Number of protein chains: 2
Amino acid sequence: MNEVMLTADNYTLVYNALSFGTAVMLGAFVYFLTQINSVAKAYRSAIAASAVVVGIAGYHYFRIWSGFAEGELNEGYRYADWLITVPLLVIELLIVLGVANELRKKLMIRLVPATVAMIALGYPGEISTDNGTKWLFWALAMIPFLYILWELSGQLRAAASRESGPVARAIKNATLVLLVTWCVYPIAYLFPVFDSSSEGLEVLRQVGYTVADITAKALYGLMILGIAKARTAAEE
Amino acid sequence: MNEVMLTADNYTLVYNALSFGTAVMLGAFVYFLTQINSVAKAYRSAIAASAVVVGIAGYHYFRIWSGFAEGELNEGYRYADWLITVPLLVIELLIVLGVANELRKKLMIRLVPATVAMIALGYPGEISTDNGTKWLFWALAMIPFLYILWELSGQLRAAASRESGPVARAIKNATLVLLVTWCVYPIAYLFPVFDSSSEGLEVLRQVGYTVADITAKALYGLMILGIAKARTAAEE
């Protein structure tokens, strides 16, 4: 954990935040599992993917938290988690947006490797203690990051203008959640560059990643479920 | 745990109460999961939310109990738990009360932040050892607490008068459970103010929180299920 020593209060804060993350993810996992059959057939795989995402995240939060309780915070878990869950988050969005099959395949072929590149490029900077290395890999990871956000927000805009009423509103809510939460990551990533010895920044970074993960996975999953339910109601 | 040393008997009592809490919550979790499809579609997400609430509470009781077994009672778990579960308890009630969609959204926008404020304001007083601080945050947390109870009991009364027969009776039962159990919390909170060195009060507080959690989550979930089942029968 960047070799920052934490006071007892800050230790408790990070400890409780990680436990809170575990509980939210596992709670969302159960909820999404119960909701799969509440939407039309075409969208069920998206809700199942939401469940898988928060289930995997719950496992990783449990691992991060257990490690932290034993005195070591393994950032590798975050990257292992993102490597599995971020492509799934992209795929479930494309399913509920009602993107035509042909285009969806094309988008997946471009976006899934982009998410893998983004996370793989972020990792060397995350574990490095050299600021130059951190900046370099931050900048490299930002290329696929910006490409993914640009492509997804284009699809979201197109889908919102194809639809009307509750479906369009649900898509706009999902867009907001996606754009706001994704921007937390590149900022939290850079905290150690600004001051790697700052305890406050390190605590803020861990709590920030946790809150962003909860929003980007559990809350975003609720938004995906909202789109799927609105579509199901509109189709009935 | 307020630096109170417990005798072996009292230690066993708290230990068993926490284990009992874990078992009841996990038992209720399984039961609510099996009941989701026994009610009409409109109420299924409320029963799923009940399951999530007691599932998350079961996780937290397990964590509190494990910590206590190792010699440390982390009150942070209670607050992390309430932060997730109390908004869900409010949401599930609004779903089964049959509050019209527009009004429900308005109520959620007011009530969910109020629950978060209530719990966030309670925490600094809970962990403080200073009586002045405890009183201050107790009083601050009581503002959203009373607002939530006032708003919910108004909705409960309105719903009971809209309905008749078994539905009205089920709503009245839920009202009773809600009002009685919620009042345990602000009282148990204040025990250390009256006598922070009293072993009896500390034991009563831990057992009291546990009993209140079981009633406010598992028994209340049964009441919610009762309303949903009565409505399903009335609609068929």
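**Helices, a tryptophan and a pocket in a predicted model**

Modeller: Let's start in chain B of this predicted model. Helix H6 (residues 165-182) of chain B packs against helix H7 (residues 184-194) of chain B at an angle of about 10°, and their axes are 5 Å apart.

Biologist: Why is H6(B) called roughly parallel to H7(B)?

Modeller: Angles under 35 degrees count as roughly parallel. The angle here is about 10°, so H6(B) is roughly parallel to H7(B).

Biologist: Which residues in H6(B) and H7(B) meet?

Modeller: From H6(B) come Val180(B), Thr181(B) and Trp182(B), and they meet Val184(B), Tyr185(B) and Pro186(B) in H7(B). Sorted by class, this contact has five nonpolar residues, one polar and no charged ones.

Biologist: Pro186(B) in H7(B) takes part there. Which residues is Trp138(B) in contact with, leaving aside its neighbours within four places in sequence?

Modeller: With those neighbours left aside, Trp138(B) is in contact with Pro186(B), Tyr189(B) and Leu190(B). Trp138(B) itself lies in helix H5 (residues 131-162) of chain B.

Biologist: What makes Trp138(B) partly exposed?

Modeller: Buried means under 20% relative accessible area and exposed means over 50%, with partly exposed in between. Trp138(B) has a relative accessible area of 23%, so Trp138(B) is partly exposed.

Biologist: How far apart are Trp138(B) and Cys183(B) in space?

Modeller: They are 13 Å apart, C-alpha to C-alpha, and 45 residues apart in sequence.

Biologist: Let's finish with a pocket. Which residues lie nearest the centre of the second largest pocket?

Modeller: Those are Thr12(A), Asn16(A), Asn74(B), Glu75(B) and Gly76(B), out of 48 lining residues. The volume of this second largest pocket is about 1,600 Å³.

Biologist: Which helices each supply at least two residues of its lining?

Modeller: From chain A they are H1 (8-35), H2 (41-69) and H8 (199-235), and from chain B they are H2 (41-69), H3 (76-96) and H4 (101-127). H1(A) gives the largest share of the lining, nine residues.

Biologist: How does the lining of the second largest pocket divide by class?

Modeller: It has 27 nonpolar, 12 polar and nine charged residues.

Notes:
Residues are numbered from 1 along each chain as its sequence is written. Chains are lettered from A and ligands numbered from 1 in the order in which they are written. This is a predicted model: local features need pLDDT of at least 70, side-chain atom pairs count only at pLDDT 80 or more; totals for chains, interfaces and linings use all residues. Side-chain values use heavy atoms; hydrogens and water are left out. On a 1 Å grid over the protein atoms alone, a cavity is a set of points where a 1.4 Å probe fits but cannot get out, and a pocket is an open set with protein on both sides within 12 Å along at least five of seven lines; lining residues have an atom within 4 Å of a point. Grid points are joined across faces, edges and corners, and a volume is the space filled by probe spheres set on the points. Helices (H or I, at least four residues) and strands (E, at least two) are DSSP runs, numbered from the N terminus. Ala, Val, Leu, Ile, Met, Phe, Trp, Tyr, Cys and Pro count as nonpolar, Asp, Glu, Lys and Arg as charged, and the others, Gly among them, as polar. Axes are lines fitted to C-alpha atoms, for helices over the stretch in contact, and angles run from 0 to 180 degrees between N-to-C directions. Angles under 35 degrees count as roughly parallel, over 145 as roughly antiparallel, 65 to 115 as roughly perpendicular and the rest as oblique. Contact means heavy atoms within 4.5 Å. Buried means under 20% relative accessible area, exposed over 50%, partly exposed in between (1.4 Å probe, protein chains only).
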